Each structure stands twice: as C-alpha cells, then as structure tokens.
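Please read the following note alongside the sequence and the structure. The points are numbered so that each can be checked in turn.

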Amino acid sequence: FFFNNTATTEIYTEQIVGSVRCVQETAISQTTNNCRRTKERKIGQIIEKVSQWRQLYYGVPDQSGSVNRLSLDEAANKVGISKKSLDDYLLQLRFGKKFGFNFNEHINDKVGVLRAFVKKNKLKEKETQQVSKYRNNKVHELETV
C-alpha cells in the first residue's frame with residue numbers, strides 16, 4: 001500500500017497496532033484464566049508411554065518366542081503419540097535423570113515442571129562450563145608468559 005500523506009499512514013498503522021494489541025491482551029487474559037496447555041501430559045504418563053514405545057522398538061517376544069521389532073514410527077503409532085513428541089519426552093527424561101530430578105515426587109505433575117527443571121539446570125551447566133573455560137584460558141595465558 002502506498003499512501004499520499006503521512007497522516008493516513010499513521011492512522012492505518014495505529015489501527016493495525018491497536019488490533020494486534022487487542023488480540024495479545026485477549027490471549028493473555030485467556031491464558032491467565034484458564035490452564036495454559038490443555039493437552040499437556042503428566043510425568044507419570046510420559047514415563048509409561050516412552051517405556052512402551054522403546055519396548056516395542058527393542059522388540060517384544062510373541063507367543064512363538066520370536067522377537068517382533070517395530071520401527072520407531074510404527075511403535076509411536078501403536079502407543080498413540082507422535083514420534084517427535086516421544087523423542088522430546090525421552091530427551092527431557094534423560095536430562096532430568098542427569099540433573100537429579102525427583103521423578104517420584106513429581107509423578108503427577110505436568111511435564112512442564114520437568115521442562116522448567118531441565119532448562120534451569122542446563123543454564124547452570126552452561127555457566128559452569130563458561131567459567132571453567134575462562135579459567136583454563138587464564139591459566140594457559142599465565143603459563144605462556
């Protein structure tokens with residue numbers, strides 16, 4: 001759109017910005033009044049689903065004794081959750097274990113609690129690595145002088 005004068009441009013811009021602001025305020029009020037994520041699963045559920053998924057992938061012996069293995073995609077379909085989500089859940093569970101998350105205490109909490117814990121501890125780990133890298137560089141500089 002090309003406008004001949006700046007007054008028209010300012011009015012048009014304010015209408016767009018005002019509309020966006022209204023939509024953002026509505027979205028914020030809806031998330032504060034309601035649960036933010038309706039589909040978010042509980043930690044106990046994701047542990048169970050990821051275990052089933054990996055068990056199907058590694059193979060389950062059938063009645064004749066032969067091991068029946070499924071691909072990760074086929075196993076995900078059988079579990080009823082997308083492979084992408086299951087991959088993400090497995091990653092969160094592994095990081096939670098690495099950082100010492102208390103799964104028993106939070107078994108009925110939503111997975112967002114685990115995500116927040118992992119995020120916080122990843123930041124701590126990154127900061128620690130940066131500090132040790134800085135110290136190593138300083139020691140190396142002092143040794144070369």
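1. Once neighbours within four places in sequence are set aside, Q92 is in contact with L114, R115 and V118. This contact list comes from a predicted model, and the remarks below should be read accordingly. Q92 is part of helix α4. Its relative accessibility is 11%, so Q92 counts as buried, the cut-off for that term being under 20%.

2. Helix α4 spans residues 83–99 and also holds F95 and F99. These two phenylalanines are four residues apart, which corresponds to about one turn of the helix. F99 has a relative accessible area of 17% and is therefore buried, since this value falls under the 20% limit.

3. K122 itself belongs to helix α5, which covers residues 111–144. Along the chain, K122 and F95 are 27 residues apart, while their C-alpha atoms are separated by 8.6 Å.

4. The placement of K122 relative to the ring of F95 deserves attention. K122 lies over the face of F95, at 4.1 Å from the ring centre. Is K122 buried, partly exposed or exposed? Its relative accessible area is 36%, so K122 is classed as partly exposed, a term used for values between 20% and 50%.

5. The charged end of R54 sits over the ring of W53, at a distance of 5.2 Å from the ring centre.

6. How many aromatic pairs does a search of the whole structure find? The search finds four. Y57 and Y58 form a tilted aromatic pair, with 5.3 Å centre to centre and 55° between the planes. F95 and F99 form a stacked pair, with 5.9 Å centre to centre and 15° between the planes. The label "stacked" applies because planes under 30 degrees apart are counted in that way.

7. Y57 is partly exposed, with a relative accessible area of 24%. Y58, by contrast, is exposed, with a relative accessible area of 52%.

Technical notes
Residues numbered from 1 in each chain as written. Predicted model: local features only at pLDDT ≥ 70, side-chain atom pairs only at ≥ 80, totals over all residues. Heavy atoms only, no water. Buried < 20%, exposed > 50% of the residue type's maximum accessible area, 1.4 Å probe, protein only. Phe/Tyr/Trp six-rings, centres within 6.5 Å; stacked < 30°, edge-to-face > 60°. Lys NZ or Arg CZ within 6 Å of the ring centre and 35° of its normal. Contact = heavy atoms within 4.5 Å.
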